Amino acid sequence: MISLIIPTYNEKENIGKLLTLISNLKIKNFEIIVVDDNSPDKTADEVEKIAKELPLEIKLIKRRGKRDLSLSVLEGFSQARGEILGVMDADLSHPPEIIPKILKELEKNDFVVASRKISGGEIKNWPLKRKIFSGLATFLAKTLVPKISDPLSGFFFFKKKIIEGVKLSPIGYKICLEILVKGKFQKVKEIPYVFKDRSFGRSKLNFRVILKFLFHVLKLHLWKIKKFFG
């Protein structure tokens, strides 16, 4: 089975369309786990409504307490039944139509990252400030995983076995980086996609998110050093 985790916070305007697009792909042995961080816009209610209308296995997890995207994803992982796990955003910036291609690549790879940074990939409609931050953040992330062009992607699938027995403790939004550093995989593949900025809702990027990212990179470097010295 394949389990796709979609973390949400105030995505009522987007989640229904996304789930419909995924349903139209008609992927077999497929479940979607939406993990909602107690959205005040009633995203969870919208998920429950659309789940009754679509021929798609949709599970809703309503989180309470501290809002955190990575913790939402980890909770989704813990309740997933699939041997293949995937993560994507709910804001329609990740094109669901490439999911079949990603799954095809997983037949001969352990980890597949949808990349904005390789040939054929692109980012559309980002302001200059966000492009600058993304470039600097990618540079820092590549000090950990230099062979991956887009280690900060939020759109990826992998075989569940690569995180079995691995303690994941991501900080903030970049759980892909956490798995790329700690995961027990042999083959990783990147495929290009065009990232389109959200049409509805607001970006979650702010100064606090930036600080969390910097601390996360530092924490992963310390983890690698500790592992190297045994």
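A: We begin with accessibility: a residue is buried under 20% relative accessible area, exposed over 50%, and partly exposed in between, using a 1.4 Å probe and protein chains only. Glu57 is partly exposed, with a relative accessible area of 38%. The model is predicted, so local features need pLDDT of at least 70 and side-chain atom pairs count only at pLDDT 80 or more, whereas totals for chains, interfaces and linings use all residues. Residues are numbered from 1 along each chain as its sequence is written, and side-chain values use heavy atoms, with hydrogens and water left out.

Q: With which residue does Glu57 form a salt bridge?

A: Side chains of opposite charge can pair when their charged atoms come close. A salt bridge is a side-chain nitrogen of Lys or Arg within 4 Å of a carboxyl oxygen of Asp or Glu. Glu57 forms such a bridge with Arg81, and their closest N and O atoms are 2.2 Å apart. Glu57 lies in strand E3 and Arg81 in the loop between H3 and E4, so the pair ties together parts that are 24 residues apart in sequence. Salt bridges that share partners join Glu31, Glu57 and Arg81 into one network. Helices (H or I, at least four residues) and strands (E, at least two) are DSSP runs, numbered from the N terminus.

Q: Is Glu31 buried or exposed?

A: Glu31 is buried, with a relative accessible area of 3%. In its salt bridge with Arg81, the closest N and O atoms are 3.4 Å apart. This pair links distant parts of the chain, as Glu31 belongs to strand E2 (residues 30-36) and Arg81 is 50 residues apart from it.

Q: How many salt bridges does a search of the whole structure find?

A: The search finds 10 salt bridges. Among them is the pair of Glu48 and Lys62, with closest N and O atoms 3.3 Å apart. Glu48 lies in helix H2 (residues 43-53) and Lys62 in strand E3 (residues 57-62), so the pair ties together parts that are 14 residues apart in sequence.

Q: Which residues does Ser134 touch, not counting residues up to four places away in sequence?

A: Contact means heavy atoms within 4.5 Å. By that rule, Ser134 touches Lys117 and Trp126. Ser134 lies in helix H5 (residues 128-142) and is buried, with a relative accessible area of 8%. Trp126 is also buried, and so is Phe195.
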